Amino acid sequence: MSTNAAELSTLSYAKYGKTNVRVFRIVRGDDGLHTVVEYSVETLLEGEIETSYTEADNSVVVATDSIKNITYFLAKTSPHILSPEKFALHIGTFFSSKYAHIHKVHVTVTQLRWSRITVDGKEHKHSFYRDGDDRRVVKAIVDATAGKHALTATLTSGLTDLLVLKSTGSAFENFYRDEYTTLVPVDDRIFSTSVDLSYTFSDIKLVAPQDEAKTEFQVPLKEGDEGYAGSVWDDGVAERARKATLEVFAVDESASVQATLYKMGQRIIAENAGIKDVSYSLPNKHYIPVDMKYLGIDNLTPGGSAQYAQSPSDWFSPIGPGSMYRFLVIQTQISATYVWHMDATSFDHFHFELPPLPWPYFFLPSFDPSDRFY
């Protein structure tokens with residue numbers, strides 16, 4: 001490297017670690033009751049590691065293979081394995097306490113769903129099924145920059161990819177209109193979205209491990225203690241947040257995605273004193289009724305048995321909206337023939353056949369119906 005390049009550049013920030021460490025743990029009870037958890041764990045280390053980048057000095061590097069092995073070790077030995085929040089904090093506390101040059105640890109734990117199978121009205125003791133593709137996500141940062149005996153943490157928990165739909169109870173009217181507006185107001189529509197939820201707890205003070213191996217992790221509050229309810233130590237928070245999301249979605253007479261989203265966040269804040277902020281992202285999955293007037297069938301008036309086509313998503317988030325509104329999506333899992341009548345396009349209708357397709361295909365409305373798409 002030239003002298004000039006070395007003078008012009010400096011390392012401003014660095015962290016590294018291990019991702020996609022998969023953990024499956026069975027906790028066996030005395031009565032034959034098994035409880036299972038499945039996690040994917042990411043652990044990233046931050047601290048006095050600059051020379052590993054600037055001077056090729058590996059002496060400051062805790063090998064990522066070691067990070068993986070420590071994750072396995074704590075998954076086996078931690079009494080907090082069934083709580084992704086406590087497990088993430090335990091991992092972060094271990095690394096920030098054991099290694100003198102590591103000052104901050106970033107841990108992400110993603111939990112897959114396993115629910116008990118019900119047999120003859122009773123939950124089976126050791127049989128489970130995957131009852132949804134949504135995942136619980138926990139992101140913790142354990143900070144030792146103030147000293148190994150003054151550990152603090154921030155933790156955000158939540159869920160992702162919770163797919164929901166209701167067939168009525170949703171409208172979108174009285175929105176701003178100008179010369180660019182083509183959207184038609186509707187007082188009854190399908191509301192479907194894939195929910196991403198995150199909520200952040202108030203700042204956390206951790207107890208430094210007292211044992212020589214630094215594997216100890218203390219939970220400062222137990223159920224019944226003042227300050228426990230709704231805190232990061234309360235194992236009921238995740239279920240209350242999920243329940244609030246689903247119940248508000250179901251019962252709210254939604255005037256817009258934004259209005260329903262806000263009510264969800266309000267309820268989570270009200271029910272959990274230790275949560276300081278809530279964030280939702282709700283991509284609006286549109287189902288558009290197919291105009292079948294050319295067959296003499298009214299398929300556009302709400303209240304009947306309608307046929308719908310699914311279109312790409314609008315995106316609703318506190319961060320900001322985006323849109324892919326003008327595209328048509330066609331998706332099928334079986335061979336089928338579709339006839340579409342598109343009033344807004346330059347052609348009347350067209351006919352085509354699709355083989356079984358596992359993924360959506362997106363077309364601009366102004367394409368030639370004789371074209372083939374792959």
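**Close-up views of a cavity, a pocket and a helix**

**View 1. Meet the residues around the largest cavity.** Ser83, Glu85, Arg136, Tyr199, Phe201, Ser231, Val232, Asp234, Asp235, Val237 and Ala238 form its lining. Strand β8 and helix α5 each give two or more residues to this lining. The largest cavity holds about 60 Å³. A cavity is a set of points on a 1 Å grid over the protein atoms alone where a 1.4 Å probe fits but cannot get out, and lining residues have an atom within 4 Å of a point. This is a predicted model, in which local features need pLDDT of at least 70, side-chain atom pairs count only at pLDDT 80 or more, and totals for chains, interfaces and linings use all residues. Residues are numbered from 1 along each chain as its sequence is written, and side-chain values use heavy atoms, with hydrogens and water left out.

**View 2. Now look into the second largest pocket.** A pocket is an open set of points with protein on both sides within 12 Å along at least five of seven lines. Here the space comes to about 660 Å³. Among the 26 lining residues, Gln111, Arg113, Trp114, Arg136 and Glu239 lie nearest the centre of the second largest pocket. Elements supplying at least two lining residues each include β3 (102–112), β8 (191–201) and α5 (237–251).

**View 3. Finally, follow helix α4.** Helix α4 spans residues 84–98 and reaches 21 Å from its first C-alpha to its last. Of its 15 residues, 14 are buried (under 20% relative accessible area, with a 1.4 Å probe and protein chains only).

Conventions:
Points joined across faces, edges and corners; volume = space filled by probe spheres on them. Helix = DSSP H or I, 4+ residues; strand = E, 2+ residues; numbered from the N terminus. Expected span 1.5 Å × (residues − 1). Buried < 20%, exposed > 50% of the residue type's maximum accessible area, 1.4 Å probe, protein only.
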